[in-house]
Amino acid sequence: MSELNLILLGPPGSGKGTQGERLQDDFRLPYYATGDILRAAVRDGTELGETAKEFMDRGDLVPDEVIIGVIGERVEAPDAADGFILDGFPRTVGQAEALGAEMDELGRGVTAVVLFDVDDDEVVRRLGGRRTCVKNGHIFHVEFDPPKHEGVCDICGSRLIVRDDDKPDVIRNRLDQYHEKTKPLVSYYSDQGLLKRVDGKLEPEEVGNRIRALLATLKMEEEL
Ligand SMILES: [Zn+2]
């Protein structure tokens, strides 16, 4: 394929991060998670990073145009010449349109948008089962990676707690917000024929295989 410009879409706990890192290794493409990019821009002290920092220091949300600018810098960077993997951006149709305009200007396009389908109950099961040690932040899972003694960290012996972020009603609230924002985005990319659904409930290995298979299909179609 000439370029592989991928967007990963899915709720928290859907395995996007895991697959993003695998794709990065498999295809030697930069993997950009929005939070990381913003932090990197701030750290590098770029002009946009300075602007983003002002908002972050005040505890305000970083406005769209700043985020879009930061993403744009990354997409244009030499290491993204063969493609990139975006995670956490775009989040809204407005951001998707801005990214589309940016890509048009560069004579490039989005190759595919991979949507990780995982139902809400499964997300609550995955995130809600996490237990974090109060002292050092070691993470366990009541179902997938239980500590030897309930409520006690195997590594440092501290007490294990449910972080606020991992409380079921907080997770449900994040999911509600995700669905509200993502639905229009799903239709937007679906209308453009770019949306590819992947069953995120499968084992990570199988999810990875399916993504590689769909990318192989896209490559064949391109060559026809
Ligand atoms: Zn610990």
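Which residues are linked with Glu122 in a network of salt bridges? Select Arg125, Arg126 and Glu143 together with Glu122: these residues form the network. A salt bridge here is a side-chain nitrogen of Lys or Arg within 4 Å of a carboxyl oxygen of Asp or Glu.

The model is predicted, and local features need pLDDT of at least 70, side-chain atom pairs count only at pLDDT 80 or more, and totals for chains, interfaces and linings use all residues. Residues are numbered from 1 along each chain as its sequence is written, and side-chain values use heavy atoms, with hydrogens and water left out.

Helices are DSSP runs of H or I with at least four residues, numbered from the N terminus. Glutamate 122 and arginine 126 are both buried (under 20% relative accessible area; exposed is over 50%, partly exposed in between, with a 1.4 Å probe and protein chains only).

Next, select arginine 22 and glutamate 205, a salt bridge with its closest N and O atoms 3.6 Å apart. This pair links distant parts of the chain, 183 residues apart: arginine 22 is in helix α1 (residues 16-27) and glutamate 205 in helix α8 (residues 204-223). Arginine 22 is partly exposed at 28% relative accessibility, and glutamate 205 is partly exposed at 49%.

Then go to aspartate 166 and arginine 163, where the closest N and O atoms of the salt bridge are 3.5 Å apart. Aspartate 166 is buried at 1% relative accessible area, whereas arginine 163 is partly exposed at 35%.

How values were computed
Helix = DSSP H or I, 4+ residues; strand = E, 2+ residues; numbered from the N terminus.
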